[in-house]
Amino acid sequence: MITKQNILGLDDNHLVACQQGHRLQLEVAQAFSKMQQAAKADGVDCQIASSYRSFAQQQVIWQKKWLGEKTLLDINEQILPFNSLSDEQKLEAILTWSALPGASRHHWGTDLDVYDKQSIMHSGQALRLIQQEYLSADGPCYRLNQWLDQHASQFGFNRPYATYSGGVAAEPWHLSYAAIASKMSLAFDIEALKSALSHARLPGLELVLLKLEDIYQRFILNKGRV
């Protein structure tokens, strides 16, 4: 049974080990393996870049971005001048590309980021998980992106961040196993999130709590601006 702790990334007992140290829910891992084999048959090397992340791992990402230890990007993937940003601007920039600890779909074991490993290796560049790698015709993950457009749904996967509507930026690399993820989303408890964030003493906590309802609508549900 999935618990609130699982949804918040505070307990990982709902996961199994799969490829190269990654963890997913069993049904998700099996579906991904089938999709991966189908992609391989079509000459596309679909590999996992990121799968499960715990609350603590997500908190590290958040803290580094809030404190200026990790680069902040605008919606066009351009670097923002950290020292010139207000706390509200920092919050907006972080949430555009990174979830709150406790609110990441990567906690659920249903979501993963994928890339074309062979194409990245042949490009001679490190994977950056930026849109150009997937959306530009000369990008190393362009063929993978096209293949997923045609076939991902056949294996139960969709893209929760397919387009930008004022919430989370478009992430063509992010896949979600829809049948289970939809249930996780429905079970999400904003009060449980508030409690977890308060106990974690998150940097920027006062502002986060003040704006939590807006954050929930725009970035967690990804409804964008209304």
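Mentor: A residue counts as buried when its relative accessible area is under 20%. Keep in mind that this is a predicted model.

Trainee: OK. Is Asn 6 buried or exposed, then?

Mentor: Buried, because its relative accessible area is 0%.

Trainee: Which helix is Asn 6 in?

Mentor: Asn 6 is part of helix 1, which covers residues 4–7.

Trainee: And what is Asn 6 in contact with, leaving aside neighbours within four places in sequence?

Mentor: Met 1, Asp 11, Asp 12, Asn 13, His 14 and His 107.

Trainee: New topic, pockets. What volume does the largest pocket have?

Mentor: About 940 Å³. Its lining is made up of 41 residues, and those nearest the centre are Arg 53, Lys 65, Trp 97, Ser 98 and Glu 171.

Trainee: Which helix gives the most to that lining?

Mentor: Helix 4, with four residues. At least two residues each also come from strand 3, helix 3 and helix 11.

Trainee: How does the lining of the largest pocket divide into nonpolar, polar and charged?

Mentor: There are 23 nonpolar, ten polar and eight charged residues.

Trainee: What about the second largest pocket, how much space is in there?

Mentor: About 160 Å³. Helix 5 (117–123) and helix 6 (131–135) are the elements that give two or more residues to its lining. By class, that lining has four nonpolar, four polar and three charged residues.

Trainee: Last one: which residues line the largest cavity?

Mentor: Lys 4, Ile 7, Leu 8, Ala 187, Phe 188, Asp 189 and Ala 192. Five of the lining residues are nonpolar, none polar and two charged. The volume of this cavity is about 30 Å³.

Notes
Residues numbered from 1 in each chain as written. Predicted model: local features only at pLDDT ≥ 70, side-chain atom pairs only at ≥ 80, totals over all residues. Heavy atoms only, no water. 1 Å grid on protein atoms, 1.4 Å probe; cavity = no way out; pocket = protein on both sides within 12 Å on 5 of 7 lines; lining within 4 Å. Points joined across faces, edges and corners; volume = space filled by probe spheres on them. Nonpolar A, V, L, I, M, F, W, Y, C, P; charged D, E, K, R; others polar. Buried < 20%, exposed > 50% of the residue type's maximum accessible area, 1.4 Å probe, protein only. Contact = heavy atoms within 4.5 Å.
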